[in-house]
Amino acid sequence: MSNPAPDTAARYVQVMHERNDVAREAAWLRTLRESAVARFADLGFPLQQDEDWKYTDVRPIERAAFMPLPLDAATPLIPDAGQFRLDGVSGPRLVFIDGRFSASLSDLGGVPKGATVTTLAYALNSEPQLPAAHLGRYLPDDSHGFIALNTALLSDGAFIRLNAGTRMEQPIHVLYLATASAALLLPRNLIIAERDSQVTIVEHYAAVGDMAYFTNSLTEIFAADNATVEHYRVQEENRTAFHVSGVHMQINRSSRVTTHALDLGGRLVRNDLRAVLADSGGECHFNGLYLATDRQHIDNHTHIDHAQPHCTSREFYRGVLSGRGRTVFRGRIIVRPGAQKSDARQVNDNLLLSRDAEVDSQPQLEIYADDVMCSHGATVGQLDENALFYLRARALSDADARDLLTFAFAREVLDRVRLAPLRARIELRLAAAMRRFAPREVHT
Amino acid sequence: MLTITDLHASCDGKEILRGIDLQINAGEVHAIMGPNGSGKSTLANVLAGRDRYQVTRGTVKYRDVDLLQMPPEERARAGVFLAFQYPVEIPGVSNIYLLKAALNAVRKSRGERELDAMDFLALVKERMQLVEMKEELLYRSVNEGFSGGEKKRNEILQMAVLAPYLAILDETDSGLDIDALQVVAAGVNALRSPDRAFLLITHYQRLLDYVVPDVVHVLIGGRIVKSGDRALALELERTGYADLTPALTPATMLDER
């Protein structure tokens with residue numbers, strides 16, 4: 001513990017300057033990178049003195065000094081990659097192994113006319129004008145170092161674009177599989193849903209093996225007028241992984257974006273989910289579930305900006321904690337002056353299964369308009385003793401009754417997951433997690 | 001079937017049951033009546049194994065085993081059923097899931113095979129006719145948003161599916177309109193059998209117009225002060241409990257509150 005932390009930030013800046021593949025990039029992209037490099041050099045890693053990082057100490061990430069893999073590193077074979085597929089989902093699939101696109105594991109068939117499903121690297125190379133108009137445009141001005149780090153070193157990720165009026169029925173599965181130890185992975189996704197389009201995207205993070213690594217992902221979503229985007233971020237990293245994610249979206253007139261943030265894995269997890277409701281009639285739905293056990297730390301920061309009148313936002317986050325699990329929820333809602341008839345609701349419920357678990361839940365409403373409906377509610381509770389006794393009086397064992405009630409609590413979030421194969425997968429994961437969640441094991 | 005001897009029980013250090021003696025034989029229906037705070041619900045909960053109550057003295061023998069040594073789920077598996085006075089709402093657990101989990105837990109403990117989905121559904125649908133319950137309620141969360149009558153019917157449905165040896169109904173009749181009361185009573189009557197016993201806990205004699213008990217007990221101040229046949233219930237309806245309470249001193253009555 002007494003070892004001084006390596007100056008990881010400085011090493012990252014050095015890596016940024018040494019990258020020789022950026023020279024042939026378009027000028028706008030180089031400018032984007034250079035400003036991000038400068039910003040990261042200035043910001044470095046967030047400190048706990050910063051109110052936004054008060055409860056989340058990222059020094060373990062800094063100390064571990066995860067480094068990007070060499071661009072020419074060999075891609076490992078993944079014999080059991082099939083287990084990460086979503087059974088019953090037949091849409092296109094983009095698979096990235098340690099951040100690099102795997103053509104052999106991906107399947108880009110079945111993409112309808114009017115839709116583009118490809119990698120960001122390909123799009124930047126072949127049709128740079130498409131990402132140029134959007135990449136980096138939806139990030140907040142007060143962004144932290146991890147966002148700058150992603151942009152400064154961005155290399156690949158999913159690029160999805162729907163032309164006006166294109167409706168894509170099949171969901172797009174974007175799978176990020178980690179296999180390499182000590183790697184810094186920087187997935188970067190760009191989703192552009194033009195007017196009247198519709199799309200469903202599953203961002204999925206998982207690992208083969210129990211090595212330590214760091215995923216620092218960033219997704220931008222642009223939903224044009226009357227577009228519908230259903231977005232999932234399924235985080236099943238291994239239990240020694242670090243995961244910092246940002247999902248930033250702009251929602252335009254009468255468009256609707258739903259995001260499901262499902263956090264099942266990771267050792268230290270921080271998610272920033274931000275929406276700007278940029279024109280009237282826009283809607284965003286944030287639906288979150290997080291499970292934290294042992295010493296897992298999961299921090300969800302949401303931020304919804306009601307910039308224009310007549311917009312709706314809904315947040316429903318639930319967490320289950322056991323062991324020494326620690327979670328943070330901070331939900332900020334800003335209603336700008338003139339954003340009348342804004343309708344915002346936020347709920348964060350937490351179920352504590354052990355005495356050593358800890359929750360911090362903070363709603364933060366800033367309302368500068370006078371004709372709005374805004375509500376928030378946060379609860380922290382334990383399993384209902386009356387319900388436990390009722391189930392035991394119906395012959396269920398104490399352990400089964402606890403598992404069933406815990407499952408039921410989490411399930412209210414999953415009921416909102418429309419993609420049935422994904423819901424089934426998470427339910428299985430939940431059921432498996434229940435056994436290790438049971439307090440009888442936690443206290444031994 | 002059930003032999004209760006000198007049963008004393010407390011809650012939060014306060015003694016509520018003060019020496020209950022009760023013998024129930026297979027095939028019998030017993031009713032326990034009494035005013036509020038007399039210990040009726042405590043008795044039901046102690047028999048079902050609720051750990052909020054501490055048994056301080058006495059024994060309860062159920063089919064030759066010591067009931068008080070068993071956790072609630074083992075009592076349920078052994079055929080003790082409590083119909084709750086206030087059935088609990090459980091969001092996120094479907095009614096039919098609970099029924100199936102409960103039945104299979106009971107069957108498994110008896111060494112019987114678990115029912116598959118088809119056989120189970122057939123059984124439930126047959127038993128539902130007893131309580132005239134809407135099928136839609138099977139697929140809703142347990143008791144969530146159910147009316148008072150629907151909750152009580154649901155308790156009787158669970159009883160009918162689990163087919164217990166000893167059924168304890170804790171004020172199942174309270175708050176029911178006459179139609180629902182008749183449905184509940186019909187459910188109980190249909191399940192009466194020579195190898196099954198009932199303990200009906202009730203505040204009113206109304207239920208006993210429809211379910212005719214073999215024995216009626218009056219519980220006051222944590223003791224059974226009088227037992228008799230059905231005529232006792234009718235007499236209580238006329239005279240109330242006042243005549244049966246002189247034995248209580250003002251101090252103990254205060255204690256009851």
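**Helix contacts and domains**

Author: To start with a helix pair: A:Ala387, A:Leu388, A:Leu391 and A:Arg392 of α7(A) touch A:Asp398, A:Ala401, A:Arg402, A:Leu404 and A:Leu405 of α8(A). Contact here means C-beta atoms, placed from the backbone, within 7 Å. Helices are DSSP runs of H or I with at least four residues, strands are E runs of at least two, and both are numbered from the N terminus.

Reader: What classes do the residues of that contact divide into?

Author: Six nonpolar, no polar and three charged. Ala, Val, Leu, Ile, Met, Phe, Trp, Tyr, Cys and Pro count as nonpolar, Asp, Glu, Lys and Arg as charged, and the others, Gly among them, as polar.

Reader: Before I go on, what am I looking at, and how is it numbered?

Author: This is a predicted model, where local features need pLDDT of at least 70 and side-chain atom pairs count only at pLDDT 80 or more, while totals for chains, interfaces and linings use all residues. Residues are numbered from 1 along each chain as its sequence is written, and chains are lettered from A and ligands numbered from 1 in the order in which they are written.

Reader: OK, back to the pair. At what angle do the axes of α7 and α8 of chain A cross?

Author: Roughly 125 degrees, with the axes of α7 (residues 385-392) and α8 (residues 398-414) of chain A coming within 9 Å. Axes are lines fitted to C-alpha atoms, for helices over the stretch in contact, and angles run from 0 to 180 degrees between N-to-C directions. That makes α7(A) oblique to α8(A); under 35 degrees would be roughly parallel, over 145 roughly antiparallel, 65 to 115 roughly perpendicular, and the rest is oblique.

Reader: Why is α7(A) called largely enclosed?

Author: Because six of its eight residues are buried, among them A:Phe389 and A:Tyr390. Buried means 20 or more other C-beta atoms within 10 Å of the residue's own, exposed means 12 or fewer, and partly exposed is in between, with C-beta atoms placed from the backbone.

Reader: What covers them?

Author: The cover includes α8 of chain A, plus α2 (72-77) and β7 (90-94) of chain B.

Reader: Switching to domains: how is chain A divided?

Author: Into domain 1 (1-51 + 63-78 + 89-275) and domain 2 (280-294 + 307-444), with bounds from an automatic or database domain assignment. Their centres, taken over C-alpha atoms, are 25 Å apart.

Reader: And how many residues are in contact?

Author: 22 from domain 1 of chain A and 19 from domain 2 of chain A. On the domain 1 side, β12(A) gives the most, with eight residues.

Definitions and conventions:
Two residues are in contact if their C-beta atoms, placed from the backbone, lie within 7 Å.
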